[in-house]
Amino acid sequence: MKDQTKIIVGLIAGAAVVATVGILLNSEKGNEIKDEISDYFADLIKSVKSKVQSSADDLNEYKNNAVKNARSIIKNKVDNAADAAMSGN
């Protein structure tokens, strides 16, 4: 594409964006669309928060299980070592 063509396409695209924003900001239908977009993003944010909280809860449970397992393994090792020391081995 030539530079002039790129400039013209850019100007047309910019004008279309400005016209769309103008319609959205100044019309009754625009207000409805803004409300729908706001509701969509509010629902999206709520969904993301819920998924993040669920992931955090899962990670916390995983951590708790890992700590519990590690403590159990260490306790078994200590108990085995104590038993071996007491039996004289």
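So, let's start with N60: its relative accessibility is 41%, so this residue counts as partly exposed. On that scale, buried is under 20% relative accessible area, exposed is over 50%, and partly exposed is in between, with a 1.4 Å probe and protein chains only. Before I go on, this is a predicted model, where local features need pLDDT of at least 70, side-chain atom pairs count only at pLDDT 80 or more, and totals for chains, interfaces and linings use all residues. Residues are numbered from 1 along each chain as its sequence is written, and side-chain values use heavy atoms, with hydrogens and water left out.

Okay, where does N60 sit? You'll find N60 in helix α2, and that helix covers residues 28-87. The protein has two helices and zero strands. Helices here are DSSP runs of H or I with at least four residues, strands are runs of E with at least two, and both are numbered from the N terminus.

Now some distances along that helix. For N60 and D83, which are 23 residues apart along the chain, the C-alpha separation is 34 Å. Then there's N64, also in α2: from N64 to N76 you go 12 residues in sequence and 18 Å in space, C-alpha to C-alpha.

What about the overall dimensions? The C-alpha trace spans about 90 × 40 × 10 Å along its principal axes. The radius of gyration is 32 Å, whereas a compact globule of 89 residues would have one near 12 Å. That radius is taken over C-alpha atoms, and the globule rule is 2.2 Å times the number of residues to the power 0.38.

How much of the protein is buried? Buried residues make up 1% of the 89. A85 has a relative accessible area of 60%, so A85 is exposed. N64, at 39%, counts as partly exposed. In total the protein exposes about 7,900 Å², and carbon and sulfur atoms supply 62% of that. Those areas come from the Shrake-Rupley method with a 1.4 Å probe, and for residues only the protein chains shown count as cover.

On to charges. There are 12 positive and 12 negative side chains, and the centres of the two sets lie 7 Å apart. Lys and Arg count as positive, Asp and Glu as negative, while His and the chain ends are not counted. Each charge is placed at NZ of Lys, CZ of Arg, CG of Asp or CD of Glu.

How many salt bridges does a search of the whole structure find? One. K75 pairs with D79, and their closest N and O atoms are 2.8 Å apart. The cut-off is a side-chain nitrogen of Lys or Arg within 4 Å of a carboxyl oxygen of Asp or Glu. Both K75 and D79 lie in α2, four residues apart, about one turn of the helix.

Last, the surface patches. D35, E36, D39 and D43 gather in a patch of negative charge. I37, Y40, F41, L44, I45, V48 and V52 make a nonpolar patch of about 660 Å². Patches use residues with over 30% relative accessible area and no salt bridge, joining like charges within 9 Å and nonpolar side chains (Val, Leu, Ile, Met, Phe, Trp, Tyr) within 5 Å.
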